[in-house]
Amino acid sequence: MRRICGWLVAGVVACGVMSGCKPSDAVKHSGDNTVPEMSKIAPTPTVQLDKAALGMVTGTIRFAGKAPEPVKIDMSMDPVCSMTAADNFAEQYAVKDGKLGNVYVYIKSGPPAAMLSGGPTPAPVVLDQVGCKYVPHVIAVVRGGSVEFRNSDSTMHNIHTMPTVAGSQPIDISQGPKGSPQVKQFNQPEVMIPVRCNNHPWMNAFINVSATPFFAVTDADGHFGITGLPAGTYTLAAVHEKLGEQTMTVTVEPKGTTKADFSFSAK
């Protein structure tokens with residue numbers, strides 16, 4: 001069973017080059033940026049999982065129709081960016097051979113054995129600033145995890161996150177040219193938190209915070225895999241920065257692999 005949550009695609013390419021100056025409309029107006037009730041319970045490793053019986057979900061995110069042409073970004077406002085960086089293009093639609101990259105896929109609901117699972121704190125996920133853009137464009141961390149912000153460029157950058165979930169505080173910090181990394185923790189589950197650079201309005205990225213350890217971001221070929229799932233029935237969600245969220249119900253068998261493909265299209 002598949003459903004499209006009420007995220008309307010408005011102005012797919014209306015922002016053009018300057019789309020990085022504000023949150024994507026599909027994310028900003030979604031009305032469904034809350035976390036499931038189960039995920040509001042602090043994850044505790046109270047459920048002992050039988051690792052030998054765990055299953056996984058794999059799939060591909062497809063893009064139907066012709067993808068919008070990438071928009072080249074004018075970086076002349078910063079001579080360092082325009083002289084030292086390669087051509088920079090908007091990354092809203094990472095489509096390759098009909099497959100869609102940069103899609104956040106996560107377990108939205110499921111059995112308590114999954115929703116209450118915990119584990120050791122993972123290493124920080126790196127979000128770098130390279131060639132006057134954020135790399136990667138979309139990242140994800142588990143609740144309580146951290147992001148290590150880096151600046152590999154020879155110009156001043158700014159990191160400005162704009163969360164919307166109550167209790168989640170924005171980050172607004174500057175980093176000098178090739179400055180020291182800064183690590184920040186994320187404790188509130190939320191999808192597609194916009195990240196902007198106040199110095200360079202075309203720079204944009206998205207951070208996702210999962211209530212469970214079960215999530216992925218599709219690669220350049222549109223593929224994803226979520227492993228270590230206890231047997232049971234789940235709501236699997238896929239979120240794109242412009243095209244919104246889709247969900248489907250999947251059943252994971254012990255030691256089994258469940259296939260789950262999504263299809264998005266620009267409207």
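Reply: Happy to! A disulfide here is a pair of cysteine sulfur atoms within 2.5 Å. In general terms, a disulfide is a covalent bond that links the sulfur atoms of two cysteines. Please keep in mind that this is a predicted model.

With that cut-off, the count comes to one disulfide. The partners are Cys81 and Cys132, and their sulfur atoms lie 2.0 Å apart. The torsion about their S-S bond is about -80 degrees, so this disulfide is left-handed.

Where do Cys81 and Cys132 lie? Cys81 belongs to helix H2, which covers residues 79-84. Cys132 sits in the loop between strand S6 (125-129) and strand S7 (134-135). The bond therefore ties together parts that are 51 residues apart in sequence.

Next, are the two partners buried or exposed? Residues count as buried when their relative accessible area is under 20%. Cys81 has a relative accessible area of 0%, so it is buried. Cys132 is at 2% relative accessibility and therefore counts as buried too.

There is also Cys197, which is in no disulfide. Its nearest cysteine sulfur is that of Cys81, at 8.1 Å, whereas a disulfide calls for sulfur atoms within 2.5 Å. Cys197 has 3% relative accessibility, so this residue counts as buried as well.

Strand S13 takes in residues 190-196. Five bridges join strand S13 to strand S14 (residues 204-210), and the two run antiparallel. Within this pairing, Glu190 stands opposite Val209 in S14.

Strands S13 and S14 belong to an open sheet of five strands, in the order S8-S14-S13-S10-S11, with mixed pairing. At its edges are strand S8 (138-142) and strand S11 (172-175), each of which pairs on one side only. Neighbouring strands in this sheet are turned by 25 degrees against each other on average, with direction ignored.

Terms used: Residues are numbered from 1 along each chain as its sequence is written. This is a predicted model: local features need pLDDT of at least 70, side-chain atom pairs count only at pLDDT 80 or more; totals for chains, interfaces and linings use all residues. Side-chain values use heavy atoms; hydrogens and water are left out. Two strands pair if DSSP finds at least two bridges between them. Helices (H or I, at least four residues) and strands (E, at least two) are DSSP runs, numbered from the N terminus. Axes are lines fitted to C-alpha atoms, for helices over the stretch in contact, and angles run from 0 to 180 degrees between N-to-C directions. Buried means under 20% relative accessible area, exposed over 50%, partly exposed in between (1.4 Å probe, protein chains only).
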